[in-house]
Amino acid sequence: MTGFRPDPAFDAGSVFAVDWPLCHVRLQDDARFPWLILIPRVEGVTEIEQLPARDRAALMEETVRAGALVRRLADAAGQPIDKLNIAALGNVTAQLHVHVVGRRHDDPLWPDPVWGRGQAARMTKDEIQAAISRIAATGTGPA
């Protein structure tokens, strides 16, 4: 995993949270949704199929872990989610990454997708720090 760097485009809308065994984990800076981005720390990968089988399995496990964490972030904010949206789009940033987004039936975009819709509601520094602390408290080991 040497030489890995997340695409600089991620800096525009998300912040680093923690590194898990496979993925660099980022918090999307959008208070409308609890949202994590998982970026496998494998250089040059743009598609899931390009990962070795063991890394594909690890990505799935870390995606499930991120989903549970998104639920905890939403619960801590007093806004439990109704549905997880999980996607590896890559239309804007080709580097392989997986979005894990908590959705509520009463969120501002329901039932539409979140990508490219509406203006992000930036979190305060305190909200970002609280979320990152919760994420970091999950550790870096297996779920």
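## Sheet and helix packing

Five strands build an open sheet in the order 1-2-3-5-4, with antiparallel pairing; two strands pair if DSSP finds at least two bridges between them. Strand 1 and strand 4 stand at the edges with a single partner strand each, so one side of each is left without a neighbour in the sheet. On average, neighbouring strands of this sheet are turned by 25° against each other, direction ignored.

This is a predicted model, where local features need pLDDT of at least 70, side-chain atom pairs count only at pLDDT 80 or more, and totals for chains, interfaces and linings use all residues. Residues are numbered from 1 along each chain as its sequence is written, and side-chain values use heavy atoms, with hydrogens and water left out.

| Strand 1 | 14-19 |
| Strand 4 | 83-87 |

Strand 4 pairs with strand 5 (residues 98-103) in the antiparallel sense over five bridges. Leu-84 stands opposite Gly-102 in strand 5.

Now to the helices. Helix 1 (residues 53-76) and helix 2 (residues 125-136) pack at an angle of about 140°, their axes 11 Å apart; axes are lines fitted to C-alpha atoms, for helices over the stretch in contact, and angles run from 0 to 180 degrees between N-to-C directions. In helix 1, Leu-69, Leu-73 and Ala-76 meet Ala-131, Arg-134 and Ile-135 of helix 2, contact meaning heavy atoms within 4.5 Å.

Key: Helix = DSSP H or I, 4+ residues; strand = E, 2+ residues; numbered from the N terminus.
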